[in-house]
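Subject: Model for your files, with notes

Dear colleague,

Here is the structure I said I would pass on. My notes follow it.

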Amino acid sequence: MQEQDFYPNAPIVEAIFDIQVELPKGIGIAELEAFCSTLSSTYPEKKERSRFAGKFEIKDNKESSAESFNLGVEGFLNWSSDRKQVVQVRLDGFSFSRLKPYEKWNLHFAEFIKHFKLYCEKFSPVRIKRVTTRFINVINLPRGDVNWTDYFINAARAPIPNVSVTNFFDRVEFAFPSSNIKAVVTHAIMQSNDPIKLPIVLDIETFMEMSADPDINMVEKIFQQLHGLKNQVFRESLTPKAKELFK
């Protein structure tokens, strides 16, 4: 297990494991819906997932019209009865989400890989295009005159001294030179009316893009890599004072 698994009060509010695939021709929504029926004993609540596209027109440097189009159902969300977990079955892939409380990587990843194997057995994907983990953390700090550098290594700073940063949104994408893995880290203040706590979002996504045969052993190894690098990003983003909040 990785270091973050040992935090009894881990700030994870959602953990997502996702794989984008190319399915064989001829597989459609009806086949996906039939597969969802096999999940009904553990994921009884099924909802459609639709895809949307937008169109904007600009005249004289001003937006003159905007339209959105429903492109139809592309998959289904299958919720557990306690609404803590959801399996998403799509025409372009498969994902699993665990909501708070997050327990252990081994526990939740096993649930994901079990159902992804069933998805592969049923639909025989032609290739895997992208493998992703995403961990959304919400870190509650005390409201007031917060010194961001007490908690975050890359803290938001104003260019002028002796002023208070009251809001921020930061998104950084970077690549790991030793692999084909990339990460996207989003850091922001979450809007809240809580008079005591100030929630800060630390959203960490690690992913690998590829064009590979669907090999389960390879998939598991990639996810382990993604998880390890995600934990490294998490650790290196926070000060010891911040980590004390999770113990």
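Arg 83 is partly exposed, because its relative accessible area is 34%; buried means under 20% relative accessible area, exposed over 50%, and partly exposed in between, with a 1.4 Å probe and protein chains only. Arg 83 lies in the loop between β3 (62-79) and β4. Its phi is positive, about 55 degrees, although Arg 83 is not a glycine.

Some ground rules. This is a predicted model, in which local features need pLDDT of at least 70 and side-chain atom pairs count only at pLDDT 80 or more, while totals for chains, interfaces and linings use all residues. Residues are numbered from 1 along each chain as its sequence is written, and side-chain values use heavy atoms, with hydrogens and water left out.

Overall layout

The chain has four helices and nine strands. Helices (H or I, at least four residues) and strands (E, at least two) are DSSP runs, numbered from the N terminus. Along the sequence their order is β-α-β-β-β-β-α-β-β-β-β-α-α. Of the 247 residues, 43% count as buried. Taking contacts between residues at least 6 apart in sequence, 68% join residues at least 24 apart; contact means heavy atoms within 4.5 Å.

Helix α2

At 1.5 Å a residue, the 19 residues of α2 should span 27 Å, and the end C-alpha atoms are 26 Å apart, which agrees. The expected span is 1.5 Å times one less than the number of residues in the helix. The buried residues of α2 are Trp 105, His 108, Phe 109, Glu 111, Phe 112, Ile 113, His 115, Phe 116, Tyr 119, Cys 120 and Phe 123. Their cover includes β1, α1, β4 (85-90), β5 (93-99), β6 and α3.

In the loop between β5 and α2 sits Pro 101, and the peptide bond from Lys 100 to Pro 101 is cis, with omega near 5 degrees. Ser 124 is in the loop between α2 and β6. Ser 124 is not a glycine, yet it has a positive phi of about 50 degrees. Its relative accessibility is 46%, so Ser 124 counts as partly exposed.

Packing of α1 on α2

Helix α1 (residues 29-36) packs against helix α2 (residues 105-123) at an angle of about 135 degrees, with the axes 11 Å apart. That makes α1 oblique to α2. Axes are lines fitted to C-alpha atoms, for helices over the stretch in contact, and angles run from 0 to 180 degrees between N-to-C directions. Angles under 35 degrees count as roughly parallel, over 145 as roughly antiparallel, 65 to 115 as roughly perpendicular and the rest as oblique. On the α1 side the contact is made by Glu 31, Leu 32 and Phe 35, and on the α2 side by His 115, Leu 118, Tyr 119, Lys 122 and Phe 123. These residues divide into five nonpolar, one polar and two charged. Here Ala, Val, Leu, Ile, Met, Phe, Trp, Tyr, Cys and Pro count as nonpolar, Asp, Glu, Lys and Arg as charged, and the others, Gly among them, as polar.

Packing of α2 on α3

How do α2 and α3 lie relative to each other? Their axes come within 12 Å and cross at roughly 150 degrees, and the two helices are therefore roughly antiparallel. From α2 the contact uses Trp 105, Phe 109, Phe 112, Ile 113, Phe 116, Lys 117 and Cys 120, and from α3 it uses Ile 216, Val 219, Glu 220, Phe 223, Gln 224 and His 227. By class, that contact has nine nonpolar, two polar and two charged residues.

Helix α3

The 22 residues of α3 (residues 216-237) should span 32 Å at 1.5 Å a residue, and the end C-alpha atoms are 31 Å apart, which agrees. Among the buried residues of α3 are Val 219, Ile 222, Phe 223, Leu 226 and Phe 234. The buried residues of α3 pack against β1 (12-22), α2, β6 (127-142), β7 (169-175), β8 (181-189) and β9 (197-212).

Glu 236 is in α3 and counts as exposed, at 54% relative accessibility. Its C-alpha atom is separated by 7.2 Å from that of Ile 153, 83 residues apart along the chain. Ser 237, also in α3, is buried, with a relative accessible area of 17%. Leaving aside residues up to four places away in sequence, Ser 237 touches Tyr 151, Phe 152, Ile 153 and Leu 202.

Regards
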